[in-house]
Amino acid sequence: VAVNEMISITEHLVDLFTNAIALAFPELAGTQAIISPVNANAAKFGDYQCNSAMSLAKTLKAAGVNKSPRDIANEIVKNVAQSPLVGKTEVAGAGFINVFLQKDYAVRAIDTLLRKGVNPPACRKQRILVDFSSPNIAKQMHVGHLRSTIIGESICRLLEFLGHDVLRVNHLGDWGTQFGMLIAHLEDRFPNFLNESPPIGDLQAFYKESKKRFDEDEAFKKRAYNCVVLLQGGDANSTKAWNQICDVSRQEFQKIYDRLDVTLEPIGESFYQSRMIEVVKYLASKNLLEEDDGRKIMWADESSSGIPLTIVKSDGGFTYDTSDMAAIRYRLEEQKAEWLIYVVDSGQSTHLQNIYRAAERAGIFNPKIHRADHVNFGVVLGEDGKKFKTRSGETVKLSDLLDEGLKRALDKLLEKERDKVLTPEELKAAQESVAYGCIKYADLSHNRTNEYVFSFDKMLEDRGNTAVYLLYAFTRICSISRNCGEDFSDLAKILDSGTAIDLAHEKEWKLAKTLLKFPDVLVKISKDLLLHTLCEFCYEICTVFSEFYDNCYCIEKNKSGEIVKVNRGRILLCEATAAVLKQCFYILGLKPVSKI
Ligand code: ARG
């Protein structure tokens, strides 16, 4: 093992113990060892635990070999190869194997982290497409899309940090029959639209007006249908009108993305028009389409169970299913993605399952080389436990929500009289950091598969697992080296001049071990895509850090407040803590400020 790398300790131990199992019991070769980290507060059970012996005893018994889990555990321990990471191993209780980390290893790993920065653990590079945010043109981008935007952005950042090639795709709902009425209405309201951009202003109101006409006026409805046909046929004027409508929405969306620091490439449903025609032909050529009451449908399963996909409507038009079939094909065959991640609310689970199963049936998706995940999430609720709405019962406008966040964050800072210490610029930076940080963090720190209650009061609390607590803690950690009276800008220089990180104090050792779990956390999230684990990890770092800071002097002062001793090794540990936290913050979209 190269110790000058950030490695996932859990993965390393899995390999080590898997080999030991195979050596001790050749008949069990290939059985993967079960390793779990031990809670830092239960250090007497070691730092990691191998719990394989119990289940192996059952397997052996079934094969006619009677051995107690304790005996098995002892045999495994005897066969564990030397590793620079492992200090001691011991068998405990019914057959648990406690693994204690080697301090020398941790010292070297922290040293490397300080010299080279926080590097990701090695992994196989993949081309990954993340479909996220994906609001619909001319409709409000709602809190569900906000969740998708926040979660999707963090997933992209995490996968990019691990070195993957990530395609960030905004699958905009910019196609479909509703555009017919919008175009027809645009032609009437702004007859000069071909020569100048129409001042639509409020697209929602515009949508409502056109919908009203569509529902009440037969002649208008007919025209609207005709506009769709023209648009899908590529007619220049209709395309121009459509583009102008899309522009208004896109600009609105972009403002939200800019505020939240989110990057996305728009590849909307409209992009697939020609590919939808192609995919229909392709599916027909494979005999996968069935006539059903004038529609063309496709079953995701050969057994024709569940809900079929509607590939072509009775009027010849395409559907959400068609565009997703064309999109999955494009993504796998042309964009060459190996892994598709759809960050979409839980309500669309059946739809997405249908899409990849149908794609598999059609030979587009190959589970041997491709992977598809639905990163689902629950609905956003208001504090009353009902669907998140404004007081008057309307959908909440995201820009209003972000504005309220800014206002609430400022109130919070003023309540703490931060305006007396910070310059106006610093106050503004702190305000934005807290406002956007708390909105993102509140979302990410909950298990995404659950519903989640949106509450500014809760997210702005400065105690507990909140963005505000973490941002304060981070700033405090960073200020330690700044206020120690020595220059800590060049960490390698300090290390070279003989400063040792010895992790002698129990709390130093605990902090170091916590920091070295970072690669484990990343590897776990890259598998289950559950980001709340990263939030819990940040919170753990901060609480373990305060234990360390309360027990270990970094700087000693005399009665008159003069610095009499600087413990450089400990300050380096503070710097390592800050570095790991900063990387976590980046993934979570938190922007720490130097003063808060
Ligand atoms: N526009 C859809 C909606 O607002 C989400 C699209 C998700 N992505 C996809 N490939 N279906 O519900």
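I count a residue as buried under 20% relative accessible area, as exposed over 50% and as partly exposed in between, with a 1.4 Å probe and protein chains only. Helices (H or I, at least four residues) and strands (E, at least two) are DSSP runs, numbered from the N terminus.

**Ground rules**

This is a predicted model, in which I take local features at pLDDT of at least 70 and side-chain atom pairs only at pLDDT 80 or more, while totals for chains, interfaces and linings use all residues. Residues are numbered from 1 along each chain as its sequence is written, and side-chain values use heavy atoms, with hydrogens and water left out.

**Strand 11**

I started with strand 11, where five of its five residues are buried. Trp339, Ile341 and Val343 point one way, and Leu340 and Tyr342 the other.

Next I looked up the pairing; two strands pair if DSSP finds at least two bridges between them. Five strands form an open parallel sheet in the order 7-6-5-11-12. Its edge strands are strand 7 (265-266) and strand 12 (371-375), each pairing on one side only. Strand 11 is joined to strand 12 by five bridges, and Ile341 has Asp373 as its bridge partner there. Strand 5 pairs with strand 11 over four bridges, with Leu129 opposite Leu340. Strand 5 also pairs with strand 6, over five bridges; here Arg127 stands opposite Asp165. Helix 12 packs on the sheet, touching strand 11 and strand 12, and its direction makes about 175° with that of strand 12. For such angles I use lines fitted to C-alpha atoms, for helices over the stretch in contact, with values from 0 to 180 degrees between N-to-C directions.

**Helix 11**

Why do I call helix 11 largely enclosed by the rest of the structure? Because twelve of its 15 residues are buried. Helix 11 reaches 20 Å from its first C-alpha to its last, close to the 21 Å expected, where the expected span is 1.5 Å times one less than the number of residues.

At the N-terminal end, Thr319 is the cap, with a side-chain oxygen 3.0 Å from the backbone nitrogen of Asp321. After the helix comes Lys336, whose phi is positive, near 60°.

**Thr322**

I then checked Thr322, which sits in helix 11 (residues 320-334). Is Thr322 buried or exposed? Thr322 is buried, with a relative accessible area of 0%. Its side chain reaches the backbone nitrogen of Thr319 at 2.8 Å. Leaving aside neighbours within four places in sequence, Thr322 is in contact with Met276, Val279, Val280, Thr310 and Ile311.

**Core**

Of its 206 residues, Phe17, Met325, Ile341 and Phe518 touch the most other members. Helix 21 (residues 568-588) gives the largest share, twelve residues.

Terms used. A polar contact is a pair of N or O atoms within 3.5 Å; within protein, one must be able to donate a hydrogen and the other to accept it, and residues adjacent in sequence count only if both atoms are side-chain atoms. Contact means heavy atoms within 4.5 Å. A nonpolar core is a set of buried Ala, Val, Leu, Ile, Met, Phe, Trp, Tyr and Cys residues joined through side-chain atoms within 4.5 Å.
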